[in-house]
Structure formats: structure tokens, C-alpha cells
Amino acid sequence: MTSPPRTTRPARRTESTGLAARIRLGAFRPESKDYFLLLGTVLFLVVLGLVMVLSSSQVESALANDGDFTSRAAQQATYALIGVPVMLLAGRMPERFWMRIAWLVLGVSCVLQLLVVATPLGVEVGGNTNWLRLGPVQFQPSELIKVALVLWLGLIVTKKQDHLGDFGAGIMPILLVGGGAIGLVLLGGDLGTVMVMAAMLLGTLFLIGVPLRLLAVPVLFGAAAFALVAVSSESRMRRITAFLEEDCAKYNLGDCWQIQHGTFAMANGGIFGVGLGNSAAKWSWLPAADNDFIFAIIGEELGLIGAVVVIGLFVVLAIALARVMRAAATPFGRTVSAAVLVWVVGQACVNIGVVLGVFPVLGVPLPLVSAGGTALLTTLFAIGVVLSVARDPGVPTRASAGTTSRRPSKAARTR
């Protein structure tokens, strides 16, 4: 009795080898267009920010560091060299990793902010107690709370996906926890950061589909709280009054100083600008020239064309984030993309609006462009989370799929 010829085993080996090859090649597949659009826009803004920080901080750096006019720019470049790899690394992490650490990051950031407002470790800068000094390190825990809220919103929306139309069971717990974290920042007096965080919380819920009627009461409550906090501080009231008074249209050495010289800088730039490095406002005329009012230096040195280019870059950034949000297949992906969109683009609108005289001075930096190590690191990290969503938006993870698979479809129930 003869054995049958072995004709099927080589075919199986070939089939399994081809499958393994396809799996290995799949790990190196090209990223999506949205991924590269978002990454390219962010990197362009970071490079532009480094150039403008170098230009706008030359005078202050030289006065503070015995003639070293590159000290502030070198510090910002160091943060960028750390933040960009962190962003790229965050872009490789799976969704389930962010969901696992969301509560931990929120808890740690709130504890650090509590140290700012309740212990002598808090440092007051510009009238706001928003900095924490631990030995030689000084940073802003409020910026870490922004990242924590992005991750935590993604987690909690995933878990409460079926209750987002119910105010008591779905929206109220989100507002209580998120509002508590924002309240810790409010205790430090940083009203500008609080406005951005509150807009991020409510704006995210609106963008992911929460009915506006459920958000009307929180919006009215937040507006009332903002008004009460604003009138409770003499310095804030002076800034608001200076913004509303017609006297700011004239030359005034009081609270209108920063508003006026920001306008002077923009007007001095004209259409084509005075040239990179040739700003007159940075010679101790414009406070926070490399931070809150860096857009005024951009308008002066690069002119209307440079200012429009910067605005256009943030428009492209908003489009890229919106495309990632729309393509995301999981509640977590949609939520974190929406949160970062409202945070970064909304804060940019507030900063540019302050420089243009649309809003009173709020002390909010221009994301990815202004000087500030903590803000740059946290913003790049949050964008890295969105990049992880953009890498593979069409494949839900087990963590997110579990929430959507609890209810069987009608076709499954009828079988």
C-alpha cells in the first residue's frame, strides 16, 4: 500500500509564509494623509516659533544674562528637542494605553496643582499663582491638567457613550470631575487658562454630539462664574476697564501700555514687515514680547503677510485635527481629537484676538510658537495622542469596541 503524494504541505507552507510576510509588511505601511498633514503643520509651527522666540527675546536675554542674547531661544530649543521625540513616541502608543493611564495622569496633575495653591511651593508670576517650584525645576501643573483632561475625556466618553443624552447619568459626572480640576487652576487666579480649559471641556462635548440643550446651563453657569472671578480682582478689573475705555486709543502710560504697544508693533510692520530681527517693540517697549505678545512681533517683523501665514497655519491645523476626528472609528479617538482641536486652535484665537484688541489681556500664550517650556511640551504630547489616533483610525481597539458591542444589532437579535 503506497502513501499518497505530499502535494498539499508545500502549498500550506507557502500560504502561511505569505500571510506572515503580509503581516510584517503591514507593520511598515505608510501613514495616512491626515497624519502627515497634522505632523507637518505642527513641525512648521514649532520651527517658526523657535525663530521668532530667538528674534523677540534677544534684548531681554542680553539684559538678564550679561549679553547672551540667545539664552531664551536656547532654552526653548531644548524643550523642542525633547517635545518632538515625545510627540512621535506618543504617536506610536495604542489607544488602550492612554485609557489605562487617564485617571492616573489626572490625579497626579491635580495633586501638583494643589501644591501650587495650598503650599509655599507655588510661585506667583504676573499676579497669578500658577507655577510650581520643586528644587531647580519650575513648571506649570495647569498645562499638565490640560493633557490629563484630554485623556480623561476620551476614557469617560467611551464608558458613558450610551448615556451622553442624559444629563444626570452622562453629562453631570463629566462636568463635576472636569470642573473640579479646572477649579484648582482657578484658585491660582489664572483666568485665561481657566477660560481655555472650560472651553475645551464644553466644546469637546458639543463636537462629539452632546445636544446643545444639555450644555446651555453649564455655559451660563460658567459665564456667571467668570464674571464673578473677574470683578473680584482689582488687577483684572483694571485690564478689562482699560480694554473698554476709549482712552486706550490715546497714548497712556497706565494699564493701556501693553495693548497700545502691541498695536504700535502691528502697525509698524505694514504689509511686508521691517525685517526679521528688526523689531523696535522688543527693545523693552512691549512686555511679554516672546510670550503672550509674540504675534505682535511677528506682525512687526514679517508684516501682514507673515501674520496671515501664521493664521493660515492654525487654520490648516484645525482642518487636520477635524479630519482626524471625523475619520476616528472609536469614541476615544473622536473625543481626544476634538479636545485638542478646541484647546490648541481656541487658545490661538484668544491669543491673536488679544493682540488685535478683540479681547482684554488674558495672559494666554500662542500654542507651539510662544516661549514657554511646559506649554510646548504638553501641547506636543497632546498632539502626539492625536497622531496615535491618525495612524490607524479605522480599527477600534478592544477597550473601545467593548462598549459598542454590548448591544447586539437588530440583525443579530433576529437570527
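1. A pocket, as the word is used in this note, is an open set of grid points with protein on both sides within 12 Å along at least five of seven lines. The model under discussion is predicted. Its second largest pocket has a volume of about 720 Å³.

2. The lining of the second largest pocket consists of 25 residues. Those lying nearest its centre are Ala-198, Pro-218, Phe-221, Gly-222 and Ala-225. Three helices each supply at least two residues of this lining, namely helix H7 (167-187), helix H8 (191-207) and helix H9 (212-231). By class, 21 of the lining residues are nonpolar and four are polar, while no charged residue takes part.

3. The largest cavity has a volume of about 80 Å³, and the second largest cavity has one of about 40 Å³.

4. Around the largest cavity there are 14 lining residues, and Leu-366, Pro-367, Leu-368, Ala-375 and Leu-376 lie nearest its centre. Helix H14 (residues 373-391) gives the most to this lining, contributing three residues. The lining of the largest cavity comprises eight nonpolar residues, five polar residues and one charged residue.

5. Which residues line the second largest cavity? They are Asp-292, Phe-293, Val-350, Asn-351, Val-354, Leu-362, Gly-363 and Val-364. Five residues of this lining are nonpolar, two are polar and one is charged.

6. Ser-142 counts as buried because its relative accessibility is 0%, and buried means under 20%. The side chain of Ser-142 makes a polar contact with the side chain of Asn-130, at 3.1 Å. With residues up to four places away in sequence not counted, Ser-142 touches Gln-113, Asn-130, Val-185, Thr-193 and Met-197.

7. How many disulfides does a search of the whole structure find? The search finds zero. Is Cys-110 buried or exposed? Cys-110 counts as buried because its relative accessibility is 17%, which falls under the 20% limit. Cys-349 has a relative accessibility of 49% and therefore counts as partly exposed, since exposed means over 50%.

Terms used. Residues are numbered from 1 along each chain as its sequence is written. This is a predicted model: local features need pLDDT of at least 70, side-chain atom pairs count only at pLDDT 80 or more; totals for chains, interfaces and linings use all residues. Side-chain values use heavy atoms; hydrogens and water are left out. On a 1 Å grid over the protein atoms alone, a cavity is a set of points where a 1.4 Å probe fits but cannot get out, and a pocket is an open set with protein on both sides within 12 Å along at least five of seven lines; lining residues have an atom within 4 Å of a point. Grid points are joined across faces, edges and corners, and a volume is the space filled by probe spheres set on the points. Helices (H or I, at least four residues) and strands (E, at least two) are DSSP runs, numbered from the N terminus. Ala, Val, Leu, Ile, Met, Phe, Trp, Tyr, Cys and Pro count as nonpolar, Asp, Glu, Lys and Arg as charged, and the others, Gly among them, as polar. A disulfide is a pair of cysteine sulfur atoms within 2.5 Å. Buried means under 20% relative accessible area, exposed over 50%, partly exposed in between (1.4 Å probe, protein chains only). A polar contact is a pair of N or O atoms within 3.5 Å; within protein, one must be able to donate a hydrogen and the other to accept it, and residues adjacent in sequence count only if both atoms are side-chain atoms. Contact means heavy atoms within 4.5 Å.
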